[in-house]
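Please read them with the structure open.

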Amino acid sequence: LHAIFGKPVYVKSIFELIVEGYLCPLTGLEVRTEVSVEDVGVHAGDFVAEQLSRVINTRDRNRLVVENYIELASGRKALVFAADLSHARNLTDMFKSLGVNAAWISGDTPMNVRRSILQSLRQGELKVVVNCMVFTEGFDEPSLDAVLVARPTRSLVLYCQMIGRGLRPYPGKKNCLFIDFVDN
């Protein structure tokens, strides 16, 4: 935006907004995986989704994501970011197989189904919603208190957008737990 509008007149960091109480506190955890994304191609500053999915969408890695949710965030309402639709489906299946009530949403999910899933999340009946590039911006569910980045990114903007999904204050919400599964 700097190239279009020039120097910003006013800037406020996420940290400053947390300290001032406009955003909830953030607790970040890093989970290292045994997966390397070294050979995944890059396009427009981020990993090529199809190639990334082939590398990270494995049974062992998906199990690692779910087991860490169970160990570190059990009972929290979580939004999970996946690499592509196949990864989102497989992660959701893994959550369910390990006893976590989960659903996935894509851009093709009919609006009435999407609303129903999000209502179930809001009410706490559903604990985990997995998505692929659906809720990176413009999504607001203040009761979310966990964000799992199950897909690596090279984009700082996308990374901040994913973190931001859980930072809305909400009555009784102490913090947002952010778990980053690090392959790069």
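1. Buried here means under 20% relative accessible area, exposed over 50%, and partly exposed in between, computed with a 1.4 Å probe on protein chains only. The model is a predicted one: local features need pLDDT of at least 70, side-chain atom pairs count only at pLDDT 80 or more, and totals for chains, interfaces and linings use all residues. Residues are numbered from 1 along each chain as its sequence is written, and side-chain values use heavy atoms, with hydrogens and water left out.

2. Three aromatic pairs turn up in a search of the whole structure. Rings of Phe, Tyr and Trp (its six-membered ring) pair if their centres lie within 6.5 Å; planes under 30 degrees apart count as stacked, over 60 as edge-to-face and the rest as tilted. Tyr-69 and Phe-95 are edge-to-face because their planes are at 75°, with ring centres 5.7 Å apart. Tyr-69 belongs to helix H4 (residues 59-73) and Phe-95 to helix H5 (residues 85-97), so the pair ties together parts that are 26 residues apart in sequence. Helices (H or I, at least four residues) and strands (E, at least two) are DSSP runs, numbered from the N terminus. Tyr-69 is also buried, at 2% relative accessibility.

3. Phe-135 and Phe-139 form a tilted aromatic pair, 4.2 Å centre to centre with 35° between the planes. Both of these residues are buried.

4. Which residues have the most contacts inside the largest nonpolar core? They are Leu-79, Ile-105, Ile-117, Val-129, Phe-135, Phe-139 and Leu-167, in a core of 24 residues. Two or more residues come from each of E4, E5, H6, E7, helix H7 (156-164) and strand E8 (176-182). Apart from this core lies another, of 22 residues, including Val-80, Leu-91, Val-130 and Ala-150. A nonpolar core is a set of buried Ala, Val, Leu, Ile, Met, Phe, Trp, Tyr and Cys residues joined through side-chain atoms within 4.5 Å.

5. Strand E4 (residues 78-81) runs parallel to E6 and is joined to it by four bridges, with Val-80 opposite Val-130. Strand E5 (residues 102-105) also pairs with E6 in the parallel sense, over four bridges; pairing requires at least two DSSP bridges between the strands. Ile-105 stands opposite Asn-131 in E6. From E5 the chain crosses through helix H6 (residues 111-122) to E6 in a right-handed β-α-β crossover. Right-handed means that, with the strands pointing away from the viewer, the path from the first strand over the helix to the second runs clockwise.

6. Ile-105 has contacts (heavy atoms within 4.5 Å) with residues that include Ile-117, Val-129, Asn-131 and Phe-135, leaving aside residues up to four places away in sequence.
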